Amino acid sequence: MSTKTPRKRLLAARDRGWERLDSVRETVFRVAFGDRIGWTLFLGSLVFYALYWRVDVFIIDTFAIVNALVSVADGSLAIQTVAFGPDHGATPGVYVSDGSLYGRNYGQIVLSLPALVVLEAISAFADLRIALTGLWCVGVAGVSRNLGGLLGRERVGTLVGCSIAALLFVAGVLSATQLPTGVEPLLALQFTTMVAAALCPVVVYRLLTRFHDRRIGAAAGVSTLGLATVAFWAPIPKRHAFVALFALVAAYCFARARERPVGLERRWRAASYAAVGALAWVSAPDALALFVVLAPLDLLFARRNRPLDLAVIGGVFTLSLVPFFVTNAVISGNPLVPPRMLQSADAAGVTADAVLGGGEGGSAGSGSETVASDSGGGSGTGGSTSESKQGTTTGESAPDRLAVVVRLVAGVVSSVTAAFGVLLDQFTRAVETLNAERLWHVFVRSGTIPGVDYSQTGGETVELTLLESAPLLAALFAAPVALARRLAAGLDHRGPRAGVDCLAVGFGIVLTLLYLPRLPLHSTITVRYLAPMTPLAVYGVFRLAVVRRAVSMHPERFVGGLSAGTVGGLTFAAVGLTGVTAGTGMQTHAVVNLAVAVALGCWALLASSHPEGGYDRHGAILLGVAVAAMVVLVLTSGLAYFATERLFVLPYK
């Protein structure tokens with residue numbers, strides 16, 4: 001018989017509850033961020049991205065997504081009201097099905113719903129801009145405290161961080177004006193995209209920490225944080241940050257499934273496919289590109305492919321696709337036909353006035369540029385799916401169940417075949433259009449490209465190539481040398497490192513083939529269609545032995561090059577580029593960044609030919625400067641070149 005009194009039992013139950021809560025909190029923290037370094041990278045990324053968080057629509061496709069978010073929040077997949085953008089509502093990314101207008105990227109929209117609820121709750125009780133400024137200041141204090149703790153000076157870091165945060169908050173309150181009413185859906189989309197982008201450095205850090213050590217992982221995480229191809233688009237609610245994140249998660253799970261001891265291999269393999277399924281709900285073409293790389297490599301590098309393993313993996317993959325299937329079935333009548341394969345409202349000449357009986361323009365204003373929609377398919381696809389949908393909803397005599405099953409299976413097979421046919425057609429077109437000039441203007445040098453229409457950007461050449469946007473990737477010039485040396489040494493070719501290396505290379509090739517026929521384009525800025533592969537490219541940079549050796553032996557020079565390059569670059573931009581046009585500023589960065597890329601690439605090749613070392617100090621500095629060049633590009637473009645007549649969330653500009 002228990003001798004505990006009711007009060008003691010109540011206290012014991014309370015303590016057990018707190019212990020369980022702490023255990024859940026620690027588990028969530030470990031799964032999401034890994035450790036304190038991962039949390040610092042995440043928090044630091046959000047603080048950095050918020051510096052140039054603009055309250056407007058930068059790309060006109062965003063109107064479709066934000067209007068769809070407003071309708072989904074009201075309980076409808078179809079766009080019920082045009083809250084943002086032109087009154088006609090037929091902006092790129094809006095599609096027609098059975099007389100209704102729909103958006104796209106519904107996975108991104110649903111993931112933004114929690115942020116929308118929180119923002120609306122905040123705005124109901126406080127000034128939204130001051131509240132967001134306060135949260136940003138708390139993030140500044142948190143980053144300072146964590147950095148102090150990692151350096152063994154947590155008390156100093158906390159004191160400095162809290163002092164700076166308090167001063168920034170007071171300055172923000174004194175200068176803040178109210179945000180326009182009704183912007184919560186746009187802010188929710190932007191914040192969710194920033195969270196996705198901020199998780200990319202965390203996954204890169206955790207992946208390289210498992211393969212090497214925390215120093216290499218932290219350097220790669222910081223480099224991914226400043227990666228211009230992702231950081232530039234972080235506050236802009238496009239799909240690219242989500243594609244990059246899910247590709248990284250798939251790679252991380254792929255690696256964990258091949259680690260020893262064996263025990264959770266099946267679960268991690270299934271998780272990698274679940275990432276593909278979740279990505280399909282955001283962007284089906286990119287998910288298909290990731291799948292065609294992941295599936296064969298997973299089978300090739302798996303320790304065993306027993307029927308039970310394949311059944312579990314297939315079951316999890318199918319379950320992860322359920323939201324994608326349901327959304328498509330409701331919209332198009334076919335679970336394998338996403339909205340982007342329907343007829344666009346613009347091409348069909350369908351407006352919100354005709355569908356909704358009138359609509360009101362929102363508070364977002366017009367975008368800074370008009371670009372082509374990312375959609376695929378045409379009117380033929382839209383017409384066929386509408387007919388099939390009507391056919392399945394008639395109230396005529398019920399067909400035989402077996403016939404229904406056969407028809408369903410035939411439809412699924414036909415849709416899957418069509419999807420792979422479209423992908424194969426894109427690859428064929430890429431090979432047909434493959435030439436040195438196109439590759440040069442996509443990967444090396446932009447400038448004024450013949451055949452590119454710059455009228456929609458006011459004649460400004462604001463687009464950059466991949467190397468001009470991310471000079472750090474020039475270190476990959478040494479990858480063939482490293483591969484040849486690895487093959488000569490006879491190292492393990494079936495381990496997790498080799499597998500993730502192949503996955504990174506394969507995804508980069510497939511994504512390039514998928515989008516190369518559309519490139520170069522006037523409005524990709526940092527080749528945004530290829531942006532999802534660049535975090536995995538940063539992983540590849542820090543997998544090079546010469547890079548790891550330079551960073552491991554001279555971390556202070558890496559940090560010094562990053563700090564000096566950032567301060568020097570921002571000073572140069574403030575003095576020499578003030579008042580210049582967006583095209584002039586971006587092309588100045590292009591030339592400077594290309595020079596940094598050439599220097600880094602030459603060092604990587606030279607250092608690879610001297611495995612005994614001797615150039616590590618120079619390499620560490622160049623790596624830091626390359627990251628600094630990306631940081632300067634992101635800040636100057638976000639705060640100067642594309643900041644004219646724009647409203648920022650933080651009230652300091």
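Visitor: How much space lies in the second largest cavity?

Guide: About 50 Å³ of space lies in the second largest cavity. On a 1 Å grid over the protein atoms alone, a cavity is a set of points where a 1.4 Å probe fits but cannot get out, while a pocket is an open set with protein on both sides within 12 Å along at least five of seven lines; lining residues have an atom within 4 Å of a point. Points join across faces, edges and corners, and a volume is the space filled by probe spheres set on them.

Visitor: What kind of model is this, and how are residues numbered?

Guide: This is a predicted model, in which local features need pLDDT of at least 70 and side-chain atom pairs count only at pLDDT 80 or more, whereas totals for chains, interfaces and linings use all residues. Numbering starts from 1 along each chain as its sequence is written, and side-chain values use heavy atoms, with hydrogens and water left out.

Visitor: Which residues line the second largest cavity?

Guide: Its lining holds His441, Val442, Glu463, Leu464, Thr465, Leu519, Pro520, Leu521, Thr524 and Val527. By class, 6 are nonpolar, 3 polar and 1 charged (Ala, Val, Leu, Ile, Met, Phe, Trp, Tyr, Cys and Pro count as nonpolar, Asp, Glu, Lys and Arg as charged, the others, Gly among them, as polar).

Visitor: What volume has the largest pocket, and which residues lie nearest its centre?

Guide: The largest pocket has a volume of about 1,400 Å³. It is lined by 47 residues, and Leu476, Ala479, Val505, Gly540 and Leu544 lie nearest its centre. The elements giving two or more residues to this lining include helix H22 (479–489), helix H23 (496–515) and helix H24 (534–543). H23 supplies the largest share, 11 residues. In this lining 33 residues are nonpolar, 6 polar and 8 charged.

Visitor: Which helices supply the lining of the second largest pocket?

Guide: Helix H2 (36–50), helix H6 (128–150), helix H9 (214–225), helix H26 (555–576) and helix H28 (616–641) each supply at least two residues. H26 gives the largest share, 7 residues. This second largest pocket holds about 1,300 Å³ of space. Its lining has 31 residues, with Thr40, Val143, Leu147, Val222 and Leu562 nearest the centre; 24 of the lining residues are nonpolar, 6 polar and 1 charged.

Visitor: In what order do the strands of the sheet stand?

Guide: The 3 strands form an open sheet in the order S2-S1-S3, with antiparallel pairing (two strands pair if DSSP finds at least two bridges between them). Strand S2 (100–102) and strand S3 (343–344) stand at the edges with a single partner strand each, so one side of each has no neighbour in the sheet. Strand S1 (residues 95–97) is joined to S2 by 3 bridges. Valine 96, for instance, has leucine 101 in S2 as its bridge partner.

Key:
Helix = DSSP H or I, 4+ residues; strand = E, 2+ residues; numbered from the N terminus.
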